[in-house]
Amino acid sequence: NIISSPLRLHMAEAETSTDSQKLLSKQIKKCGRDTDKAFELLKDALDPSAIHFNSAMNICKRAGDRNKALTIFDSMKERNVKPNIKCFLKAIHLCAKKPPLYQKAIELVGYMEECGIPVHPNCISPAISACGHAGQMEPVWELLRLLEADKRINDPNGRVGCFKAAISACEMCG
């Protein structure tokens, strides 16, 4: 099932890339940890795709610059580029890092729904963790309800991971 496999979805997008998009991908990947260069390449690109934004977010993640990675994610909307599941995964996982950005994680889950992307357990679990680290249990219950309401993803192991994250959140919150 292509919906349950973020990597396969990402690969399918890469196969339909134009030559200029493939060149941009190579240029971004060569940035190493230079987040400013990756950001500039994206800004100057005529037709960037979600794959390019994801690559630039990877550069920021490697450089330890969570804020720049989230800024790059947010700039997709400004450029009318629809994020793919891998972009959402990366952004929400970054929100779960300490200090947690639980409100941003919840916002991203909502935007995921807005984009028509099924609520994937691999995105819900780190959002739940971010809430737990922030001492916020009410959003945890909302995220679990959202996960249970969306039946498009058949991933029992992912759901188990979400429930484990919820149990950890309960333990953190006391």
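User: What should I know about the numbering and the model?
Analyst: Residues are numbered from 1 along each chain as its sequence is written. In this predicted model, local features need pLDDT of at least 70 and side-chain atom pairs count only at pLDDT 80 or more, while totals for chains, interfaces and linings use all residues; side-chain values use heavy atoms, with hydrogens and water left out.

User: Why is S55 called buried?
Analyst: Buried means under 20% relative accessible area, exposed over 50%, and partly exposed in between (1.4 Å probe, protein chains only). S55 has 8% relative accessibility, so S55 counts as buried. S55 is in helix α4, residues 50–63; helices are DSSP runs of H or I with at least four residues, numbered from the N terminus.

User: What makes N80 exposed?
Analyst: The relative accessible area of N80 is 73%, and the cut-off for exposed is over 50%. N80 is therefore exposed. N80 is in the loop between α5 and α6.

User: Why is the pair of F73 and F88 called edge-to-face?
Analyst: Rings of Phe, Tyr and Trp (its six-membered ring) pair if their centres lie within 6.5 Å; planes under 30 degrees apart count as stacked, over 60 as edge-to-face and the rest as tilted. The ring centres of F73 and F88 are 5.2 Å apart and the planes are at 65°, so the pair is edge-to-face. F73 lies in helix α5 and F88 in helix α6, so the pair ties together parts that are 15 residues apart in sequence. Both F73 and F88 are buried. With Y111, they form one aromatic cluster.

User: How are helices α5 and α6 packed?
Analyst: Helix α5 (residues 66–78) and helix α6 (residues 85–96) pack at an angle of about 145°, with axes 10 Å apart. Axes are lines fitted to C-alpha atoms, for helices over the stretch in contact, and angles run from 0 to 180 degrees between N-to-C directions.

User: Which residues of α5 and α6 meet?
Analyst: R66, A69, L70, F73 and M76 in α5 meet C87, F88, A91, L94 and C95 in α6. Contact means heavy atoms within 4.5 Å.

User: Where is the cis peptide bond?
Analyst: The bond from K98 to P99 is cis, with omega near -5°. P99 lies in the loop between α6 and α7.

Terms used: Helices (H or I, at least four residues) and strands (E, at least two) are DSSP runs, numbered from the N terminus.
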